Amino acid sequence: QVQLVESGGGSVQAGGSLRLSCAASGFPYSIKCMGWFRQAPGKEREGVAVINTGGGGVTYYVDSVKGRFTISQDNVKNTVYLQMNSLKPEDTGMYYCAAQQSLGCSPGSWYARGWYNWWGQGTQVTVSS
């Protein structure tokens, strides 16, 4: 069983930056794809960014964060980071870490909630205008 623990959320003004962390424990070596989803009040949970932790470091981003967010990994610490710059009010939401066991990140499925085996509890990000 894998446990995911997020940290780094908070409140910032538009244009500011935050870095989220997601630490995996349990059987982290079984994770092949790991990343971040977010959910704003009244909206569906959407994929934000993921990284292929099983090798290669391939990344995928939702269009709305490209050029502003960067996902990275530290294999020694079994941790994935999301550096968020130039934050906008529309980035506000609960950010959840997700991990997938069997396959690496896929361009056709990385954004699908049902594709992931494990989820963290979430960390709140609030961006004020």
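Me: What should I know about the model before I start?
Reply: The model is predicted, with local features needing pLDDT of at least 70 and side-chain atom pairs counting only at pLDDT 80 or more, while totals for chains, interfaces and linings use all residues. Residues are numbered from 1 along each chain as its sequence is written, and side-chain values use heavy atoms, with hydrogens and water left out.

Me: How many disulfides does the structure hold?
Reply: In general, a disulfide is a covalent bond between the sulfur atoms of two cysteines. Here the term is applied to a pair of cysteine sulfur atoms within 2.5 Å, and the structure holds 2 of them. One is formed by Cys22 and Cys97, with sulfur atoms 2.0 Å apart, and this link is left-handed, with -85° about the S-S bond. Because Cys22 lies in strand β3 (residues 18-25) and Cys97 in strand β9 (residues 93-100), the pair ties together parts that are 75 residues apart in sequence; strands are DSSP runs of E with at least two residues, numbered from the N terminus.

Me: Which cysteine is joined to Cys33, and what is the handedness of that disulfide?
Reply: Cys33 is joined to Cys105, S to S 2.1 Å, and the disulfide is right-handed because the torsion about its S-S bond is about 100°. This pair also links distant parts of the chain, with Cys33 in strand β4 (residues 33-39) and Cys105 in the loop between β9 and β10 (118-119), 72 residues apart. When the bonded cysteines are numbered in sequence order, the pairing is 1-3, 2-4.

Me: Is Cys33 buried or exposed?
Reply: Buried means under 20% relative accessible area, exposed means over 50%, and partly exposed lies in between, with a 1.4 Å probe and protein chains only. Cys33 therefore counts as buried, at 0% relative accessibility, and Cys105 counts as buried at 10%.

Me: How many aromatic pairs does the structure hold?
Reply: Rings of Phe, Tyr and Trp (its six-membered ring) pair if their centres lie within 6.5 Å, and planes under 30 degrees apart count as stacked, over 60 as edge-to-face and the rest as tilted. The structure holds 7 aromatic pairs. The rings of Trp110 and Tyr111 have centres 5.9 Å apart and planes at 80°, so this pair is edge-to-face.

Me: Which ring faces does Arg45 lie over?
Reply: A charge sits over a ring if NZ of Lys or CZ of Arg is within 6 Å of the ring centre and within 35 degrees of the ring normal. Arg45 lies over the face of Tyr96, at 3.7 Å from the ring centre, and over the face of Trp119, at 5.0 Å from the ring centre.

Terms used: Helix = DSSP H or I, 4+ residues; strand = E, 2+ residues; numbered from the N terminus.
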